[in-house]
Amino acid sequence: TCEAVLAEACARLSYYGEDQSRVIDLVVDGAVAAEFDVNRSADRVARLMKKYSDRPMDFADACIVAMSEQVSDCVVVTLDHEDFAVYRRHEREVIPFTSPRR
């Protein structure tokens, strides 16, 4: 994953009055790794955010799409079913993802 996704997860837990450190515990325990380097992908992230500005695509989603372009056999796990049904990697390729339906 990336730091932006970790920040969103912490914010969501905080919103619901839950302990944000549970997210970071996943990193400490090795269950989740934040290995995405936005410095190397900033141009791509910016292009994606502009392309999908009508949704609008947030920074975390743009990072996830860029990450999916770097790993051919990935599956994105997201709560954003509607957005990831629209987003495309490499401009036209469907992003493999799983999401609970609301």
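**Close-up views of the predicted model**

**View 1. The largest pocket and its lining.** At least two lining residues come from each of helix H1 (3–15), helix H4 (59–70) and strand S1 (76–77). H4 provides the largest share of the lining, with 5 residues. Sorted by class, the lining comprises 15 nonpolar, 6 charged and 4 polar residues.

**View 2. Packing of helix H1 against helix H2.** The axes of H1 and helix H2 (residues 21–28) lie 8 Å apart and form an angle of about 145°. On the H1 side, the contact is made by Leu6, Ala9, Cys10 and Leu13. H2 contributes Arg22, Val23, Ile24 and Val27 to this contact. By class, 7 residues of the contact of H1 with H2 are nonpolar, 1 is charged and none is polar.

View 3. The structure contains 0 disulfides. For cysteine 2, the closest cysteine sulfur belongs to cysteine 63 and lies 4.4 Å away, which is too far for a bond, because a disulfide requires the two sulfur atoms to be within 2.5 Å. Cysteine 74 likewise takes part in no disulfide; its nearest cysteine sulfur, that of cysteine 2, is 13 Å away. Cysteine 2 has a relative accessible area of 1% and is therefore buried. Cysteine 74, with a relative accessible area of 15%, is also buried, since the term applies under 20%.

**View 4. The cis peptide bond at proline 56.** The peptide bond running from arginine 55 to proline 56 is cis, and its omega is near -15°. Proline 56 is placed in the loop that lies between helix H3 (38–51) and H4.

View 5. Histidine 90 is located in the loop between strand S2 (88–89) and strand S3 (93–94). Its phi is near 50°, a positive value in a residue other than glycine. Histidine 90 has a relative accessibility of 44% and so counts as partly exposed. Glutamate 91 is likewise in the loop between S2 and S3. The phi of glutamate 91 is near 75°, again positive in a residue other than glycine. With a relative accessible area of 40%, glutamate 91 is partly exposed.

Methods:
Residues are numbered from 1 along each chain as its sequence is written. This is a predicted model: local features need pLDDT of at least 70, side-chain atom pairs count only at pLDDT 80 or more; totals for chains, interfaces and linings use all residues. Side-chain values use heavy atoms; hydrogens and water are left out. Buried means under 20% relative accessible area, exposed over 50%, partly exposed in between (1.4 Å probe, protein chains only). Helices (H or I, at least four residues) and strands (E, at least two) are DSSP runs, numbered from the N terminus. Ala, Val, Leu, Ile, Met, Phe, Trp, Tyr, Cys and Pro count as nonpolar, Asp, Glu, Lys and Arg as charged, and the others, Gly among them, as polar. Axes are lines fitted to C-alpha atoms, for helices over the stretch in contact, and angles run from 0 to 180 degrees between N-to-C directions. Contact means heavy atoms within 4.5 Å.
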